[in-house]
Amino acid sequence: MAKKDDIRPVITLRSTEGTGAAFTTRKNRRNTTGRLELKKYDPVLRRHVTFRETR
């Protein structure tokens, strides 16, 4: 089980297009302090869109 103050927490990346598509990944909190934003494939729209970290 992950600790509450884990250095690499599991985060959810949610599509900015509002389709509800989501990915889960881990990020290093020391190197990436802000919210993560990645271009990933949205299977609902069938194209690459921006995915943003949700809390």
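Which side chain has a polar atom 3.1 Å from the backbone nitrogen of Val44? Asp42 is the residue to look at: a polar atom of its side chain sits at that distance from the Val44 nitrogen. Here are some notes to go with the structure; please keep in mind throughout that this is a predicted model.

1. **Overall layout.** The protein chain has 0 helices and 4 strands, and along the sequence the pattern reads β-β-β-β. Its C-alpha atoms fill a box of roughly 35 × 20 × 15 Å along the principal axes. Of the 55 residues, 24% count as buried. Looking at contacts with a separation of 6 or more, 32% come from residues 24 or more positions apart.

2. S1 and strand S2 (residues 22-26) run antiparallel and are joined by 5 bridges. The hairpin has 6 residues between its strands, and in it Gly18 takes a positive phi near 80°.

3. **The nonpolar core.** The largest nonpolar core has 6 residues in all: Ile11, Leu13, Ala21, Leu36, Val49 and Phe51. Strand S1 (10-15) and strand S4 (47-54) each supply at least two residues of this core. As background, nonpolar side chains in soluble globular proteins tend to be buried together.

4. **Leu36 as a meeting point.** Setting aside residues up to four places away in sequence, Leu36 touches the core residues Ile11, Leu13 and Phe51. Its list of contacts also includes Lys27, Arg52 and Glu53. Lys27 and Glu53 return in point 7, where they form a salt bridge with one another.

5. **Leu38, in strand S3.** Leu38 lies in strand S3 and is partly exposed, with a relative accessible area of 35%. With residues up to four places away left out, Leu38 touches Leu13, Val49, Thr50 and Phe51. The C-alpha atoms of Leu38 and Asp6 are separated by 22 Å, and the two residues are 32 places apart along the chain.

6. **Asp6 and Arg26.** By the rule applied here, the model has 5 salt bridges. One of them pairs Arg26 with Asp6, with the closest N and O atoms 3.4 Å apart. Arg26 belongs to strand S2 and Asp6 to the segment before S1, so the pair ties together parts that are 20 residues apart in sequence. The two side chains are also joined by a polar contact of 3.4 Å. At 46% relative accessibility, Arg26 counts as partly exposed. Beyond residues up to four places away, Asp6 touches Arg26 and Arg29.

7. Lys27 forms a salt bridge with Glu53, and their closest N and O atoms are 3.0 Å apart. This pair links distant parts of the chain: Lys27 is in the loop between S2 and strand S3 (37-42), while Glu53 is in strand S4, 26 residues apart. Are these two partners buried or exposed? Lys27 counts as buried at 7% relative accessibility, and Glu53 is buried too, with a relative accessible area of 5%. Glu53 also meets Arg55 in a salt bridge (3.9 Å, N to O). Arg55, by contrast, is exposed, with a relative accessible area of 74%. Salt bridges that share partners join Lys27, Glu53 and Arg55 into one network.

8. **Back to Asp42.** Asp42 lies in strand S3. Leaving aside neighbours within four places in sequence, Asp42 is in contact with Ser15, Thr19, Ala21, Arg47, Val49 and Phe51. Among these, Ala21, Val49 and Phe51 belong to the largest nonpolar core.

Definitions and conventions: Residues numbered from 1 in each chain as written. Predicted model: local features only at pLDDT ≥ 70, side-chain atom pairs only at ≥ 80, totals over all residues. Heavy atoms only, no water. Core = buried A, V, L, I, M, F, W, Y, C linked by side-chain atoms within 4.5 Å. Buried < 20%, exposed > 50% of the residue type's maximum accessible area, 1.4 Å probe, protein only. Contact = heavy atoms within 4.5 Å. Pairing = 2+ DSSP bridges. Salt bridge = Lys/Arg side-chain N within 4 Å of Asp/Glu carboxyl O. Polar contact = N/O pair within 3.5 Å; in protein donor to acceptor, adjacent residues only side chain to side chain.
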